[in-house]
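Please examine the structure below.

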Amino acid sequence: MSHHRINHRIIPSKFGDVVLVWREEELGPKILGLTLPQAGIGMEENLVSDHPLDVIEHLCEQIGRYLDGEAVEYPVDHLDSTRCSEFQWRVLMVERTIPRGCVCSYGQLAAMVGNPKAARAVGSALARNPFPIIIPCHRTVRNDGSLGGFGGGLAMKRAFLEMEGVVFDERDRVGPEFFWPQVE
């Protein structure tokens, strides 16, 4: 088995430095994770910096554009799904379908992955999301519209949601009109 170097790219943003981590493989790069500012993961000191590939360059550009407020869609074909359990990967793949400017509750997301009683497990799966921003785990909130948790901190979660057009009420909660899918 060949040894694959771990590479990283720092993406400066108004939130602080975001770090994209990937590994070179025969079929192209595999994204290992994205570290948000304040996330406390501390991976940077163990990384080798390398010239980014076109795929990485494009992804970094997209992340930078998102952090500047633009609507961006990310492909997932270069994400390393082996970093996730089967359940977590299912949660992340459903999470990425939540439209920009909308939120979903942990319970709604649990129902969408086929296990309506697994709201806490969904929260845990999102808390361990190795690909924040690419998989927009900030779009899931508590049933009452309060934020819940986020690896980059609640201020960043709120800033991301507001940047996407989500409005908070006087109690700092997301209104029901922003929940997706709308229940009749």
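Q: Which residues is Leu-20 in contact with, leaving aside its neighbours within four places in sequence?
A: In this predicted model, Leu-20 is in contact with Asn-7, His-8, Arg-9, Ile-11, Ile-31, Gly-33, Leu-34, Ile-56, Leu-59, Cys-60, Ile-63 and Ile-134. Each of these counts as a contact because heavy atoms lie within 4.5 Å.

Q: What makes a set of residues such as the one with Leu-20 and Ile-31 a nonpolar core?
A: The term requires buried residues of listed kinds, Leu and Ile among them, joined through side-chain atoms within 4.5 Å. The largest such core has 42 residues, and Leu-20, Ile-31, Ile-63, Ile-133, Ile-134 and Phe-160 touch the most other members. At least two residues each come from β2, β3, α1 (54-67), α2 (86-95), α3 (106-112), α4 (119-127) and α5 (154-163). The largest share, six residues, is supplied by α1. A second, separate core has nine residues, including Leu-147, Leu-161, Phe-168 and Phe-178. In soluble globular proteins, nonpolar side chains tend to be buried together.

Q: Why is strand β3 described as largely enclosed by the rest of the structure?
A: Strand β3 covers residues 28-35, and seven of its eight residues are buried, so the description applies. For β2, six of its eight residues are buried, and this strand is mostly covered.

Q: How do you know that β2 and β3 pair?
A: Pairing requires at least two bridges between two strands. Strand β2 (residues 18-25) and β3 have seven bridges, in the antiparallel sense, and therefore meet the requirement. Within this pair, Trp-22 stands opposite Ile-31, and Arg-23 stands opposite Lys-30. A hairpin of two residues joins the strands.

Q: What makes β1 and β2 a pair?
A: Strand β1 (residues 6-11) and β2 share six bridges in the antiparallel sense, and the requirement is at least two, so the two strands count as paired. Ile-11 stands opposite Val-18 in β2. The hairpin formed by β1 and β2 has six residues between the strands, and Gly-16 in the turn has a positive phi of about 120 degrees.

Q: What makes nine residues in the lining of the second largest pocket nonpolar?
A: The class is set by residue kind: Val and Ile count as nonpolar, whereas Glu and Arg count as charged. The lining divides into nine nonpolar, two polar and four charged residues. There are 15 lining residues, of which Val-72, Glu-73, Arg-96, Ile-98 and Arg-139 lie nearest the centre of the pocket. The space in this pocket is about 280 Å³.

Conventions: Residues numbered from 1 in each chain as written. Predicted model: local features only at pLDDT ≥ 70, side-chain atom pairs only at ≥ 80, totals over all residues. Heavy atoms only, no water. Buried < 20%, exposed > 50% of the residue type's maximum accessible area, 1.4 Å probe, protein only. Helix = DSSP H or I, 4+ residues; strand = E, 2+ residues; numbered from the N terminus. 1 Å grid on protein atoms, 1.4 Å probe; cavity = no way out; pocket = protein on both sides within 12 Å on 5 of 7 lines; lining within 4 Å. Points joined across faces, edges and corners; volume = space filled by probe spheres on them.
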